[in-house]
Amino acid sequence: MATYHKVIGIDLGTTYSVVAAYNFEKQDVMVIPNRQNEHTTPSVVYINPSGEISVGRSAKEKQQRDPEGVLIEVKRLMGEQDEAGVKKMVVVRNKQYHPELISACILKELKACAERMIGEPVHDAVITVPAYFKESQKNATREAAKIAKLNPRLINEPTAAAVAYGLDSDEVQSFIVYDFGGGTFDVSIVRIENENTVEVVGIGGDANLGGGDIDEMLTQWFFGKMQAQYGSDFSNDKRLRGKARLEAEKVKINLCNDSETKVQEFVIANPVEGIEEACFSISLEEFERIIQDTLEKTLVQVQVALDSAQKNHEVTLEDVEAIILVGGSSKIPAVAKQLQARFNKPIKSNLNPDEIVAIGAARMAKNYEPSQAAVIKDDEELKPAEGVAAIGGGELDSTNIKDVVSHTLGIGLYGDLYDPLSLRTKSSRVGSVAMGIRLPRTTRPAFILLFIRAKTRRHPLISTSAKWLSAACGLSQRAFTGSKSRLRSMAMACFTGR
Amino acid sequence: MKHLQTGEVKAIQLDRGLDAIVEKKRMELAEILATGNVGATGGPGAATAPAPPQDNVSALLNRARQLLPNMPQPQRTEVENAIRQLETARSNNNPNEMGAALVNLTMLLM
């Protein structure tokens, strides 16, 4: 038997990504290092003028020399449209690329790291996505995985974080998952039931709040110091701004990781012509004072998630056992202090917040059999690798994942009519909801697209199954005969609206 | 959008999945990625901005008109009537009438 399980777990983050796999010898999940022997890989892609791609640290370093070819935070564009309803594309040197392709570059790099460690080809991955992702965003993530020749299984990031901490309790437990990453802030209330069911019962957060904002605040602080010392505003100098952002991230990480050193130097050599070195000291106290407003925003969102959990699932703060910290920015000492002070709950941070989501994904991945090959074509079927039996034996084998519906789903009719089926933040298998509905024949939809939380791993998430369509509409299955592509193309409109 | 259960009319963001990558495009992008090179100016990985989505009603009417010549006579008459019904509903700007007309035409085309 190979040392590693060949189905890997990937935390495909906005700013950093992590890959992990289950190690049979150590009987635990191991985070797989990248080419630089680091556990986290920047989710950054660089395309040089000849079209050659590089990913990770080498791409990130190009920000100083050739920022035009550097692509950051592509996750924000996945499955998104602009106000005119046109798909958002990535633009590099006046050329457009599908965000799925850029995301696939990152996945391909992580896959390559895993294959190097495992010593065999990898065809399958459990990939995490934020709990608030719409179907179009999840679908784009699936497409990116397929382009990178990986068979994807998606799970929500907070669910993965809860799984990483284990499910061995016999009692119902609820946790607050506080995920303060590089590009986004998400908070989820996760309930783990005694029958090994993980359920996300409430969500909150801010898609435009992350470690990058903290870096920017620190950069502004630096320019303020520069102006005070040299009497000029250098904040419009793009080259210096790029250098300052990189230094700001470094200073932030050092302040948060090094418990001994309470003061860090913010140093930039030759910031502008005539100045040999700019060096300013910043203490942890001053740093935390600068970012206090941001931290306060995150605490407000924790309350939003708790309110939604209470409203929809009667889960209250009293039910919460602990707060799980996820994401690099959650390592800021003030985060744990203020969370504990505000909500009076113990903080779980014994697993590295940078790696916890990938660890949870890899634990989930252990329950999947590796496939023989990646499936890129629509009509291909996943086939287990030769000689591979179900893994079994793990304590997660019967894990049943239920997630909230992040957006209201419903049946859309032509003529701008809309019939909601399932409300946002209600935890349910949407397909089941649809199955139970018999629409009056006068309002029967012309087209329907049902979102099915499929139990079977081969089942597509978006189904045009005649059985489901007919059940939802109260019509004969004969009304929905036709090829899958015809049904899909004619079908229409399960609207997702916030 | 008009909420059928409450009658409330409000703006919501629609997502019909029209921008999803199709199998052919996926295969093409997978090949590009395998080479590690997305191409220089105008390369195969690059794309032009997609055209704005076509109005759904117009799309359905166009499709119906395209199919008309190959339809048997009884069905053709039904479809022609449904087209007229839909055009009238659209010109009257009545969402309920239009919804019914769209359902009718769509079912005839299935």
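The model is predicted, with local features needing pLDDT of at least 70, side-chain atom pairs counting only at pLDDT 80 or more, and totals for chains, interfaces and linings using all residues. Residues are numbered from 1 along each chain as its sequence is written, while chains are lettered from A and ligands numbered from 1 in the order in which they are written.

I took helices (H or I, at least four residues) and strands (E, at least two) as DSSP runs, numbered from the N terminus. I counted two strands as paired if DSSP finds at least two bridges between them.

I then listed the partners of β2(A). Strand β3 (residues 28-31) of chain A runs antiparallel to β2(A), and four bridges join them. These two strands form a hairpin with four residues between them. In that turn, A:Gln27 has a positive phi of about 50°.

A:Ser17 has A:Thr41 in β4(A) as its bridge partner.

For burial, I called a residue buried if 20 or more other C-beta atoms lie within 10 Å of its own, exposed if 12 or fewer, and partly exposed in between, with C-beta atoms placed from the backbone. Strand β2 (residues 16-23) of chain A is mostly covered, with seven of its eight residues buried.

**Helix α3**

I looked up helix α3 (residues 135-147) of chain A, which has 13 residues and reaches 18 Å from its first C-alpha to its last, close to the 18 Å expected. The expected span is 1.5 Å times one less than the number of residues. In α3(A), 13 of the 13 residues are buried, so the helix is largely enclosed by the rest of the structure. A:Lys149, which follows α3(A), has a positive phi near 60°.

**Domains**

I read the bounds from an automatic or database domain assignment: chain A is divided into domain 1 (7-165 + 352-401), domain 2 (211-292) and domain 3 (405-497). The C-alpha centres of domain 1 and domain 2 of chain A lie 32 Å apart. Their contact (C-beta atoms, placed from the backbone, within 7 Å) takes four residues from domain 1 and four residues from domain 2.

Terms used:
Two residues are in contact if their C-beta atoms, placed from the backbone, lie within 7 Å.
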